[in-house]
Amino acid sequence: MKIAVLGGDGFIGWPTCLNLSDKGHEVHILDNLSRRWIDTELGVQSLTPMDSIQERTRIWYQETGRRIHFHLIDIARDYEVLKQWLAEYRPEAIVHFAEQRAAPYSMKSDRHKNYTVNNNVNATHNLLNALVELGLDSHLIHLGTMGVYGYSTVGAAIPEGYLEVGIDTMEGETARQEILYPSNPGSIYHMTKCLDQLLFQFYAKNDGLRITDLHQGIVWGTHTEQTRRHPQLVNRFDYDGDYGTVLNRFLIQAAIGYPLTVHGTGGQTRAFIHIEDSVRCIELALQTPPKRGSRVKIFNQMTETHRVRDLAELVARLTGSQVAYLPNPRKEAAENDLVVRNDQFIELGLNPITLEEGLLSEVVDVAKKFAYRVDRSRIPAVSAWTKDIASAIDRDPEGKRLKSVG
């Protein structure tokens, strides 16, 4: 199968490209390399040393004899270039990762909010628009987020995308129908993913596009089967306060003797998935496309849920680290429960990788190996959700000090 991977140079995109190429697919990366420019902007780099995308693909060919093709295209800005590429190559499937993916980065300033909305929404709409204009029946797989559901407690499991509701009619009867599960974004980034959902619903209904939307949890881990084959195939590892996911950040903090930073009470419950499972889920979604004219197919791409403070305690036990509680820069509930359905991927044969000490040790080993590359000043999460929260943190002298336990 000919597959276009938009954003294939990124954290999930790169191991996905390797896996699909390894399975014999013809893989084309479309990327504007913006994530690398953001590293330059923030003055921080991946913990793991990353070669250029050209060098990465060269090493993959050297090791496997399989080519991954790279095309420098900004799909959010270069609509005609994107349309021309699609017309020429006509991929059978498209995996869409080409969005700014960090909630903290999206909340840093008005400029970052504008960039996130412009990039993410335009990228998605340009792609949908071009597929319709060209009459291209590609199966589109989009990497969304569990964050579209929000993190409020409703006392019931979150279904996979759709919610059955009853509506009182004028005749006093109850009409049943399924609607998109109500959106409740917690950041500008999450809001763009909610807007993606509406775009997908419209284009599937209006133009018959075949779309799968994957609502993914927080990804942890570093290696996949393919990235282990050569040191230069290593995936990126973000540890900074804007892009580092919570569990990976705990692990790098433990590796360098830095307290594990829990923001607020640590009662936030989040959904998690190992990077191997993330890559596997995308492969399973490719194998089970929706039929033309059907509604958007939605999966919850996660394997387990944990409270942040419980994760910190797990890593602290494993590594002998201290846990530090800091003010929460996010505007969110101090405590929440999260129960999520993921029946579809389990039925398709996913055998989830769950948090185990052996796997955590592997990530700690990676963190220790490259600990010399850590800029400790970039570890704290400093992007505040509102000006009031930013002012409160600045005024709170106690909040500036690590309050450690354990």
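Here is a short chat about confidence, overall build and one residue.

User: What should I know before I start?

Analyst: This is a predicted model, where local features need pLDDT of at least 70, side-chain atom pairs count only at pLDDT 80 or more, and totals for chains, interfaces and linings use all residues. Residues are numbered from 1 along each chain as its sequence is written, and side-chain values use heavy atoms, leaving out hydrogens and water.

User: What is the mean pLDDT of the chain?

Analyst: pLDDT is the predictor's confidence in each residue, from 0 to 100. Here the chain's mean is 91, and 96% of its residues reach 70 or more.

User: Over which residues does pLDDT stay under 50?

Analyst: Where pLDDT is low, the predicted coordinates should not be read in detail. That applies to residues 397-406, where pLDDT stays under 50.

User: How many helices and strands are in the chain?

Analyst: Both are DSSP runs, numbered from the N terminus: helices are H or I with at least four residues, strands are E with at least two. This chain has 13 helices and 15 strands.

User: Is Ile-75 buried or exposed?

Analyst: Buried means under 20% relative accessible area, exposed over 50%, and partly exposed in between (1.4 Å probe, protein chains only). Ile-75 is buried, at 4%, and sits in the loop between strand 3 (68-72) and helix 4 (79-89). Across the chain, 55% of the 406 residues count as buried.

User: Which residues is Ile-75 in contact with?

Analyst: Contact means heavy atoms within 4.5 Å. Beyond its neighbours within four places in sequence, Ile-75 has contacts including Leu-6, His-96 and Asn-126.
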